[in-house]
Amino acid sequence: CTMDLNLKGKNALVCGGSSGIGKASAIELSRLGANVTLLARNPASLADALTALNHEPGQEHDFIIADMTNHEDLHQKIFGLTTQKKIHILVNNTGGPPAGSILDADIVAFKQAFEQHLLAYHLIAQLVVPGMKSVAYGRIINVISTSVKQPLHGLGVSNTIRAAVANWSKTLANELASFHITVNNVLPGATETDRLNAIVVNKATKQSKSTDDIKAEMLAEIPMKRFGKPEEIAAAVAFLSTPAAAYITGTQITVDGGRTGVL
């Protein structure tokens, strides 16, 4: 018996799908046969990402222009999508909050991060889960961060909000398990994305060091001595989306080259 990795006929919604880990995940899901709807803010980037998806006969891909912080518009766009098709796979993924120490963080920064991450994910889940229940197939994958297991230095707001998302996810997993809907978290380590570049530049500026020095320090903490590639995170996202992963739920898959300690 071989693993069933076939997503033909399944519809996936990938948030933050125009670049980085989101785009890589969308490409991988399309390669497994899924019809993919990308969601992001930039129309040009979305159109570009759409062309990178696998196009086999019968596959249909599209995109939605939406901002995860504008809940009214987000609700309208996702509701519109669910009236057209049932979503079998939801990949929750959005840019991380700005770096900085937790004591320096303004209350507004926590509120913005909470709205952009947890509340947006919750809103989308509420809209797509009924369709998942109706077909007895659902996969919700939240791309979060290894900070869920081990808070990262200098990412105070992010550490706090990511942990909230992880606990929301576990609660949701328990509530949906009997409906053949799984909910899992993928926790990327340092991955070659624009987000990583921004963190490196921020650290270099604050510590009056070169970006090469900062990268060297970060690599020293990773047993594999290299940063991850978006495609490597996407592989975990894609597997959790397949029929083969039907008995995996409520888990956190760390994809970080071994950096995170045992917790």
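Trainee: In this predicted model, which residues is Val 128 in contact with, leaving aside its neighbours within four places in sequence?
Mentor: Val 128 lies in helix H4, and the neighbours within four places in sequence are set aside here. Contact is taken to mean heavy atoms within 4.5 Å. On that basis the partners of Val 128 are Ile 78, Thr 82, Ile 87 and Leu 90.

Trainee: Does Val 128 count as buried or exposed?
Mentor: The cut-off for buried is under 20% relative accessible area, whereas exposed requires over 50%. Because the relative accessibility of Val 128 is 1%, this residue counts as buried.

Trainee: How are helices H4 and H5 oriented to each other?
Mentor: Helix H4 spans residues 107-135 and helix H5 spans residues 156-176, with their axes 9 Å apart and a packing angle of about 20°. Angles under 35 degrees fall into the roughly parallel class. H4 and H5 are therefore roughly parallel.

Trainee: How many residues of the contact of H4 with H5 are nonpolar?
Mentor: On the H4 side the contact includes Phe 110, Phe 114, Leu 118 and Val 129, and on the H5 side it includes Ile 161, Val 165, Trp 168 and Leu 172. The contact of H4 with H5 also holds 3 polar and 2 charged residues, while the number of nonpolar ones is 15.

Trainee: Which residue's side chain is joined to that of Ser 169 by a polar contact?
Mentor: Ser 169 is found in helix H5, and at 2% relative accessibility this residue counts as buried. Leaving aside its neighbours within four places in sequence, Ser 169 is in contact with residues including Val 183, Asn 184 and Asn 185. The polar contact of 3.1 Å, however, joins the side chain of Ser 169 to that of Asn 142.

Trainee: What is the orientation of H1 to H8?
Mentor: Helix H1, residues 20-31, packs with helix H8, residues 230-241, at an angle of about 50°, their axes being 8 Å apart. That angle makes the orientation of H1 to H8 oblique.

Trainee: What is the handedness of the crossing of H1 and H8?
Mentor: Among the residues that meet there are Ile 21, Ala 24 and Leu 29 in H1, with Ile 233, Ala 234 and Val 237 in H8. The crossing of H1 and H8 is right-handed.

Terms used. Residues are numbered from 1 along each chain as its sequence is written. This is a predicted model: local features need pLDDT of at least 70, side-chain atom pairs count only at pLDDT 80 or more; totals for chains, interfaces and linings use all residues. Side-chain values use heavy atoms; hydrogens and water are left out. Axes are lines fitted to C-alpha atoms, for helices over the stretch in contact, and angles run from 0 to 180 degrees between N-to-C directions. Helices (H or I, at least four residues) and strands (E, at least two) are DSSP runs, numbered from the N terminus. Angles under 35 degrees count as roughly parallel, over 145 as roughly antiparallel, 65 to 115 as roughly perpendicular and the rest as oblique. Ala, Val, Leu, Ile, Met, Phe, Trp, Tyr, Cys and Pro count as nonpolar, Asp, Glu, Lys and Arg as charged, and the others, Gly among them, as polar. Buried means under 20% relative accessible area, exposed over 50%, partly exposed in between (1.4 Å probe, protein chains only). A polar contact is a pair of N or O atoms within 3.5 Å; within protein, one must be able to donate a hydrogen and the other to accept it, and residues adjacent in sequence count only if both atoms are side-chain atoms. A crossing is left-handed if the near helix is turned anticlockwise from the far one by less than a right angle, and right-handed if clockwise.
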